[in-house]
Every structure is written in structure tokens, then in C-alpha cells.
Amino acid sequence: MSFPWTKVGHGLAWFFNLNLDPYGQHEAERTDARNASQSHPNVEPYEERDPTAAEWLVSVTPTPLGIFRYFYRLFPFLHWITRYNLTWFVGDLIAGVTVGVVVVPQGMAYALLAELEPQYGLYSSFMGVLIYWFFATSKDITIGPVAVMSTVTGGIVSRAEEAIPDVPGHVVASALAVIIGSIVCFLGLARLGWIVDFIPLPSIAAFMTGSGINIAVGQVPTMMGMNSKKKHFSTRDPTYLVIINTLKNLKYTTIDAAMGLTALLMLYIIRGTCTYLAKRYPRREKVLFFVSTLRTAFVILLYTGISAGVNVYRRTNPLFSVLGEVPRGFQHAAVPNLDPKILSFFPSELPAAVIVVLIEHISISKSFGRVNNYVIDPSQELVAIGVSNLLGPFLGAYPATGSFSRTAIKAKAGVRTPFAGVITAIIVLLALYALTAVFWYIPQASLAAVIIHAVLDVVSPPNVVYQFWRISPLEVIIFFAGVLVTIFDTIEDGIYTTVCVSFAVFIFRLFQAKGRFLGIVKVRTVGDMRAGARVSESRSLSRNTSPEGDTKGPRYDGISSERNLFIPIYHEDDSNPLIAVEHPYPGVFIYQFSELFNYPNATRFLDGLTAGIFKATRRTDPDSLGKLGDRPWNNPGPRRGQAETDDTASRPTLRAVILDCAAVNNVDATAAQALIDVRNQLDRYAAPDAVEWRFAHVRNPWTRRALTAAGFGFARPRSERRWKPVFSVADLADAAEPLSSSGGSDEKGAARGGDDEEINVTQPPSVDEDESAGGRRAPVYGLNRPFFHADVQEALDAVLENVEHRPPAFKAS
């Protein structure tokens, strides 16, 4: 009795005149399954069933338990907070204090990059580390102001001052943070963290390198004091113009250069000395690490002390540029102003800003997760960074993301959990309330030196670029394209360039994918000790059972028994060209898809398939071309009065095509229709015979459904041809033994002997013999689709087994 929905579906199909089974799939599958079961009655029957759209909808529809887990995973700290202990706290305390000492001067310096007053950097530093730990899946990441995001924010603030001059810069920056936070938080809540994977490593390296050069060059005039008395040129110009203008205006260098250049030199001396001593004295490595880490704080304190000694009585006319007044506490806490005229300014600015937030945070968190042996959840990280930027502006913060330098410090300092962020927040809070009077004396040139020292660390060294060249030369072009655009234009355009060029290269590679014809080679494995053990055991059995007790036999030299290996015919995989590779059988072709098989590359794949087949075979029935007027225009035959010569007479006729689909995950309608067209084309070429299509390594049920809907995978009903079922079986759970167990390979395996005259390897029993002994086996894939095979070897065995069943007139090659 049919289900009501089935009857409704059949009624609609009749009304719309739909052919529900154009290839006779249901009848053919029943026949194929019946024939296979009759041929091997001792094998447990198994038939595949197509996945349905309803099942897919059920699989993606959230269940009550799934909804609970979704909300539970939004707060990862619940997984570990109940196990928090004193050991973890000590590690978090050390790391949190260390990062806090570093983030205070860095935060104020980066705020200047954002065209804001220094306190806004402290606000961003405080809110980032305070909020992030609730939602974090990384223990190492430190959220706060970073150089690149601050530079992008500064560019937006500068342009906003021209477009909407009545709106203060910090209001624009806070509104930008709210919008970015909303977008990123939505991406995280929708579990779209995978979109970051579209940006490859060379693009990220190019973005970081170009940005580092851009920022470092822009800070040189401040470090040299060129713009301290009078602004002679803009450091927001393209990098190459800033370099030119810096060289032109060297004559305006002031005493600020003494505070900047010496601070920069001291930073590098301390780091270099600590690195050298750590290698020389490994036992002091931990102490030297903390000395090196705190170099920024030490240099700022030193030069602040010098500045205070010089300017304590010159506050109205300081000798060199100083940071100036920093308000105590959160003087700018307020609800962010999302005025429409502010929001209308953002659309063209948002893509670059969002990409910077995503790239910096996710790439850093993934990198440190791999180094420290834990896995982050990219979507949850987007939630964390989104919420931090959503709530931060209520205290005056501007856009923040993950910091590479502070994250590295935190990881090396021995952080144990994300709770270390709370310790860092306390340090920043103390600085905001207790140290603001001291901040007035910080030299701006020294802060510029701190920025230069920090951003030059993100510039990719030549060794990294050379490694890109060795791995993928094309991606070096992407790298230099991004760097050059950043230097000669803007950071934003550099980001767009690298992302667009990377995507274009990906599409180009997808469209230009080429298939390969595989041939068969007999090989042996050298150095297989297990094979030697099996051979020794088989000799022992032979001596025990031999009536003469012959102990002579060949010496095992570490080479295992012979097997088949499928490699490209034309050695495209750089296999040894001295090895002769041939098609497995005259007229039988194995074709391997090297990439996904979808609409972008389906035509190119199949054009390569047909071209190779036509080059290596002949038409089965030459008379099928007919008279001159009946021949196709692209194959008109000989000129009038000339005899037709057939230079393909020595070639075999086309018998079968085996498609290796190991790289294919799904097949769309365009690819399926292209495959149908090629099947029809080759059937006409091989007429009156029909081409046999076999598929190997088709693992996705939806791909198998697509291919069966196109008429593949089963024998056509009412076909005159008969075929033998060839398929793989496996032990059922109650009878299976692992192949690695003692004797397992000899008892259950399908290993083929190499030279049977020399080595008497006990042959495994056949399926029927094993069943008679009480074993139970079942097919790996459904008997109703006998043209889908577990691997290429099985597909080839099936083709060769059924060659003898072809019509007698067309068996000859």
C-alpha cells in the first residue's frame, strides 16, 4: 500500500507529464540485485537507497537538544570554569600581568594611529580583554587595539572629518566598532566562520607585510620630529609618497629624533641580547624571555623619566613632543551615537574594516591553537570578537581585534586559561586611574619607535617568500601584488587586491583542471617486513606438509608480493618515465578526475576524455558513417575520386570507461548532463556495441544519486548483454578479525601471490568456500548498483570479467 504523499506525488507527475524513471532505474536495480544474489547466494543481500530531500531537511533542522547545545557553546567558559584551580591561576596571573604591562603603552600608541586621543586605546584594551574570556575558545588570544586596524580606523576617521566635520572622531570610531561588531557577531551566530578560509596564507602575509611597511614608514616622521612644530606633509598619503616626502623634509628633523631613534635602537638591542643569551644559557631562558617581553614597558618608563626630568618645569613649552593630557577613568562612557549621517558614511568603508578584523583574529587564533595543541571554533571566535566590539563603545572603545605580538607574549608567559584577560583588564584599569598623570610626559617619538618596532615583526622575511615560491610560484605573484598595491595605494585596496586575485586564481585552477588517463603497472613493495613474516610462515607450512620435507626455497629480500598500481599513462605525476605504463586492456580506459567535477570544469574534463579515447581507438562499425552526404561536416572523408584509407585499423574498439571519482564530492546538473551527452556520443562511436561505464571511489550518497538519476550505475533494462556481478565483500561484525592480527592477512586477506612457482603463499579461500565454513560476509555497496565500485581495481576486474560477454562480432580488438 502506497503512502498518501507518494500517491499525491504520482498524481502531480501525471498532471505535469513528468517521466519519473526515464532510464528504467527501478526495474534495472531490482534485476541487478536479484542476479547478484542468485550468483552468490551465501552473501548477505544489501541494496542502496537514495538520500531524499526530506531526510536532508530533517538532518539540518535543529532539535531541542541541538538548540540547547548551541546556546551552551556560546559560553565556552562554562566547560572549564568549574575546574579552575590554583595552578591555573598562577599561570594566568603571570601572563595577565605581563600582557597588561605591554598593552598600556601599545594601546595609547595605537590610538594615535587611529587619529584619536591616547585614552581611547586604553578603553579598547580594557573592554577587549575583559569581555573576550566569556566567549573565547583560545586561551592565548589578546583582544585590543592593533596597528593595522588602528590605521584603517584612522583613515576612516580622517575621511569622516572632511565629510561630516561636525561629528567628533571618537564618535565615528565608536559607531564603526558597533557596526563591525554587529556584522561579525552575526557571522558567528550563523556559524559562518568558515568564510575566513577563503583568504589564503599568501594573501594574509601580503596584507600584513604591506600594512607593516605602511605603518612603519608613516611613523618615521613622528619619530624624527618632522611634524612636531609644523605639519609639513601628510603621513596618510600612499607609502611611496611618504618615503619621498620624508627624504625631502629631513632638514626639519628636531630633537625628538634623539628620543625616538635611541628608543628604537634600545628595543632592538634588548631583544637581540636576550635572544643571544637565551641560546648561550638555556637555563636562563625563562628569565630572559620576561626581560625581553618587558622591554617596551622598560623603554617607555625610561624615556618618560627622562622627559619628566626635562619638561617638569616646561609643561607649557616642552622641549620635545609629549603625549599630553590623558583623562583619568572612563570620561567618555556613553551610548554610541548611531546617527544616520554617520552610518551613511560607512558602506564603502566597512568591507576592508571587517576583513581586517576577521583576518587578524582568526589567523592568529588558528596559528596559536595549532602550536599549543588545541582547536579553536572560528564561528565562536567571531561571536567573541563581535560582542567585544559591540559592548566596547559604551566605554568609548574603537574597533579591536586579536593582537599577534601580545598573543605571542601571553602564550610564552605560560597562560593557562582565557581568564588571564581579566588580570590584564585590572592592570589597564589601574593605569587608567593611577598613572594618567605620568602619561603626560611620554615622548611621542618614543611611542612612534614602539609602533615601528612592533609592526616590523609582522613583515614576512625573505625566507617565507622563498618558501611560497617553492610551494606555489603563482602565489608569490599574489603576495607581491598585495604588497605593491598597499605601498603605492592604500591598505584597503591592498586587501581587496589580494582577496580578489586569490579568488581569481582559485577559479582559474578550477576551470583549468585536467583529467588523467591511468594505466596499470605491476609493482612490489620493498621493505615490507610483514610480507616477509607471511612468506616465512608459508614456507614453514610447506615444509611441514611436504612429504619430502624439502627445506629449499628462495631467500626473502624484503620485497612483498606483486600487486597492481594505477598511475597516469603519460607520467603527469612525475613518476619514473622509464617504467612503461599501458592501458589495462585494449579498448578499456581508466580516467581520473583531478578536481571537483562540476559545471566550471565538466566540459574540459570530458573533452579530455573523448579526445584521448578517439586518439587511441577506432570506430566499431566504419560503415555507420554512411555515404558522403550523410557524413558529418567535421569528418567529410576523402576527396572525390580518392580511396578512403583507414589509418586506425590497428587500434582497438572502445569497450569500457572507468571513472575514478576519488576527488569528486558532488555532481551538479550541468556535469551530469555533460556526462550523459558524452555517453551518447561514445555509444554512437561504438555502435552497435554499447560502452560500459564503471565508477570507482564514489563515496557521497548524493553523488551516487545524481549519477543514477542520469542513468549510470546499473545495467540498462531489457539489454541483450549479460554480465557477471563483481563486487567487494567484508566480514560482518561478529566474524571479522583485524588484518593486523597474527595470521589475519593469510586467513582473511586478498593478497595476491607474486611468483607462485617460487613462493608458495597460501591462497585465501573464495567467498563460497568461506561461507561453507560458517563465515558471514556482506557487500560493501549495494548489489542493486553493480557499476559503482569500491576502488579502481574492483572496477577493472568487473570490466575484464565481462569482456567475454560481449557480442561475438565485436570481441576482436
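## A tour from one loop outwards

Begin by selecting His697, which sits in the loop between strand S7 and helix H28 (701–709); helices (H or I, at least four residues) and strands (E, at least two) are DSSP runs, numbered from the N terminus. Residues are numbered from 1 along each chain as its sequence is written, and side-chain values use heavy atoms, with hydrogens and water left out. What you have open is a predicted model, in which local features need pLDDT of at least 70 and side-chain atom pairs count only at pLDDT 80 or more, while totals for chains, interfaces and linings use all residues.

Look at the backbone of His697: although this residue is not a glycine, its phi is positive, at about 65 degrees. Now step back to S7 itself, residues 692–696, which pairs with S10 in the parallel sense over two bridges; two strands are said to pair if DSSP finds at least two bridges between them. Within this pair, Phe695 stands opposite Phe788 of S10.

Next, colour the whole sheet, an open one of six strands in the order S4-S3-S5-S6-S7-S10, with mixed pairing. Its edges are strand S4 (563–568) and strand S10 (788–789), each of which pairs on one side only. From S5, continue to strand S6 (residues 656–660), which pairs with S5 in the parallel sense over five bridges, with Leu659 in S6 as the bridge partner of Tyr591.

Stay with S5 for a moment: four of its five residues are buried, so this strand is largely enclosed by the rest of the structure. Buried means under 20% relative accessible area, exposed over 50%, and partly exposed in between, calculated with a 1.4 Å probe and protein chains only. For a contrast, select Asp574 in the loop between S4 and strand S5 (588–592), which counts as exposed because its relative accessibility is 73%. Asp574, too, has a positive phi of about 65 degrees although it is not a glycine.

Now turn to the interior, looking for nonpolar cores, that is, sets of buried Ala, Val, Leu, Ile, Met, Phe, Trp, Tyr and Cys residues joined through side-chain atoms within 4.5 Å. The largest has 113 residues, and those with the most contacts inside it are Ile180, Phe346 and Phe439; helix H16 (residues 350–371) supplies the largest share of this core, 12 residues. A second, separate core of 40 residues includes Ala513, Leu606, Leu609 and Phe695. Returning to Phe439, its contacts (heavy atoms within 4.5 Å), leaving aside neighbours within four places in sequence, include Val104, Met108 and Leu122.

Finally, select Val97 in helix H6 (residues 86–113). Because its relative accessibility is 32%, Val97 counts as partly exposed.
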